[in-house]
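Visitor: I'd like to walk through this chain with you. Can we keep it quick?
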Amino acid sequence: MKKKKWLGMGLAIGLVSSSFAPTTFAASTGPVKMQMNHKVGSPEFVSGKLTAPSSLSSEKVLMQYFDSHKDKFKFGSKKAEESFQVLDVSKDSLGNSVVRLQQLYNGVPVWGSTQVGLVDDNGALKVVSGTVQPDLEGKQNLKKGKKIKADKAIEIAKSDLGFDPKLQKEAEAQLVVFTGNGSPEYAYFVNLNFLDPEPGNWNYFVDAHDGSILNKFNNMDEVSGSNSVGTGTGVLGDTKSLNTTLASGTYYLQDNTRGSGIFTYDMSGYSFFPDFFLPGSLWKDSDNVLNAAKDKAAVDAHYYAGVTYDFYKNVFGRNSYDNKGAAIKSSVHYSRNYNNAFWNGSQMVYGDGDGTNFTSFSGGIDVVGHELTHAVTEKSSGLVYQNESGALNESLSDIFGTLIEFYNGKNPDYEIGEDIYTPGTAGDALRSMSDPTKYGYPDHYSKRYTGTSDNGGVHTNSSIINKAAYLLCEGGTHYGVTVPAIGRDKMGAIFYRANTVYLTSNATFSQARASAAQAAADLYGAGSAEVNAVNKAFDAVGVQ
């Protein structure tokens, strides 16, 4: 068995039943299915005819529903409009209104507690997804108040790092209600994003009363001119066509044909520059033929970013990772012999590898797709990069990285990182969706990792959902459960809808099952073969 290698962004949570228990809500107009998050004692997924049709705004429909069911959601004595902030209202591909909320307590955000309501075109609420942190009123820790200031919280977080980072952006401390340790308390959320002396995107939660560190984790995902068309040789020796920009007689890796552009930069082996940080200098070439050895990593980073953009645009109608046409920036030749790639919250960064364990990371299209999918997730479900929600985050990146590889159509497979891992050894990979155990990863919920390393198993346990996705694509019998194949296109459509419509920040594996089943019902019908296949796939990997 090979030693595990983690590529990615950069489960202690117990089993939560996802079996739907029929129940009746007073304001509902038909049968309702409610899935409870037994860890906190409130619903995490409710679906059915939750309200009658209405001419009210979708936000108002959702708020009235919460007000009518305070006994279920337990958000306190205040009205829903004071207990939740509307983050976003958008239309999905089926014409429904999707309302995203942030839970508040006395005007302070409850960190990681986001909710989604789906209201159909008749103004009827059909789905509520996302756990509300219940019974915050009267909690003793929330009566302590603040004793330390925001600046002090930043000092505490920096001190805990053990070194003085050169920050990419000025650190700020946001007051939140932190519930991750079982007892809610006021805390400062401090993000430290830096590249030197090593890359990091650390999230700290500093107790606002006594300055203790309640939680911390690295949110880094480790793994004008005229338009022109050039050519380039990639990491694996293949020739690619490149969209470039010609300005003052020089060609730049700037693609103006997609969204707000795709830009590829050179870090020249530095982890930081004397006068500026990322992204480095925009890659330039004299003749629009990029075939030198140094060009290879840049050629692939630029080309595969374009393929990833095209996949999301052509398959799902998504305009870049934020669905608003955001520019996609990539920097290659980061540091020396750097064995990783990462999304840092605003752009992609690729190391060149050490030549033994890895070659240039941009040479793997599934790696590029994986990392940019972290950006999609960040801008949609916002899955917290810790425990089960973090494992879902990683799995979605593996799933769509693989689908993008199939979309590209050159030697696609269900292995992850095979093109850049151990360049001197054929036939191996970082992870496998078809057989996670091949590289020491669990293929069933009963075998999940329950420790605290790897942010609570975000890479380790991602393989459980990966296996379910593979079974949906190709079918098969796993742990005595036979799953019918529905193909990659339908699997991708289901998981995309789950990620962009139903999943919420602290989603569990069971909420993911409910979200995927609901997405399949939306797309193919409530009694469809696709819904049955989704349920069988999650049965096969032990997620109930």
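This is a predicted model: local features need pLDDT of at least 70, side-chain atom pairs count only at pLDDT 80 or more; totals for chains, interfaces and linings use all residues.

Visitor: Where is Pro484 found?
Guide: In the loop between strand 27 (481-483) and helix 10.

Visitor: Which residues does Pro484 touch, leaving out those up to four places away in sequence?
Guide: Leu471, Leu472, Gly475, Asn532, Ala533 and Lys536.

Visitor: And how far apart are Pro484 and Gly525?
Guide: In space, 17 Å from C-alpha to C-alpha. In sequence, 41 residues.

Visitor: OK, helices. At what angle do helix 9 and helix 10 pack?
Guide: About 140°, with the axes 7 Å apart. Helix 9 covers residues 462-474 and helix 10 covers residues 488-502.

Visitor: Why is helix 9 called oblique to helix 10?
Guide: The angle is about 140°. Roughly antiparallel needs over 145 degrees, and roughly perpendicular runs from 65 to 115. Helix 9 is therefore oblique to helix 10.

Visitor: Is the crossing of helix 9 and helix 10 left-handed or right-handed?
Guide: Right-handed.

Visitor: Which residues make that contact?
Guide: From helix 9, Ile465, Ala469, Leu472, Cys473 and Glu474. From helix 10, Arg488, Met491 and Phe495.

Visitor: What is the contact of helix 9 with helix 10 like by class?
Guide: Six nonpolar residues, two charged and no polar ones.

Visitor: Switching to charges. How many salt bridges are there?
Guide: The count comes to 17.

Visitor: Take Asp300. Which residue does Asp300 form a salt bridge with?
Guide: Lys240. Their closest N and O atoms are 2.9 Å apart. The pair links distant parts of the chain, 60 residues apart. Asp300 sits in helix 5 (residues 295-316), Lys240 in strand 14 (residues 239-247).

Visitor: Are Asp300 and Lys240 buried or exposed?
Guide: Both are buried.

Visitor: Which residues do salt bridges with shared partners join into one network?
Guide: Asp92, Arg497 and Asp522.

Visitor: What about Asp160 and Lys216, how far apart are the closest N and O atoms?
Guide: 2.7 Å, in a salt bridge. Asp160 is in helix 4 (residues 150-161) and Lys216 in strand 12 (residues 213-218), 56 residues apart. Asp160 is partly exposed at 30% relative accessible area. Lys216 also counts as partly exposed, at 37%.

Visitor: Which residue meets Asp67 in a salt bridge?
Guide: Lys79, with N to O at 3.7 Å. The two are 12 residues apart: Asp67 in helix 1 (residues 58-68), Lys79 in the loop between helix 2 (70-73) and helix 3 (80-83). Asp67 is partly exposed, at 24% relative accessible area.

Visitor: Now backbone angles. What is the phi of Asn106 near?
Guide: 50°, a positive value in a residue other than glycine. Asn106 lies in the loop between strand 5 (97-105) and strand 6 (108-119). Asn106 is partly exposed, at 46% relative accessible area.

Visitor: And what phi does Ser320 have?
Guide: About 70°, again positive, although Ser320 is not a glycine. Ser320 lies in the loop between helix 5 and strand 21 (328-334).

Visitor: Why does Ser320 count as buried?
Guide: Because its relative accessibility is 4%, and buried means under 20%.

Technical notes
Residues are numbered from 1 along each chain as its sequence is written. Side-chain values use heavy atoms; hydrogens and water are left out. A salt bridge is a side-chain nitrogen of Lys or Arg within 4 Å of a carboxyl oxygen of Asp or Glu. Helices (H or I, at least four residues) and strands (E, at least two) are DSSP runs, numbered from the N terminus. Buried means under 20% relative accessible area, exposed over 50%, partly exposed in between (1.4 Å probe, protein chains only). Axes are lines fitted to C-alpha atoms, for helices over the stretch in contact, and angles run from 0 to 180 degrees between N-to-C directions. Angles under 35 degrees count as roughly parallel, over 145 as roughly antiparallel, 65 to 115 as roughly perpendicular and the rest as oblique. A crossing is left-handed if the near helix is turned anticlockwise from the far one by less than a right angle, and right-handed if clockwise. Contact means heavy atoms within 4.5 Å. Ala, Val, Leu, Ile, Met, Phe, Trp, Tyr, Cys and Pro count as nonpolar, Asp, Glu, Lys and Arg as charged, and the others, Gly among them, as polar.
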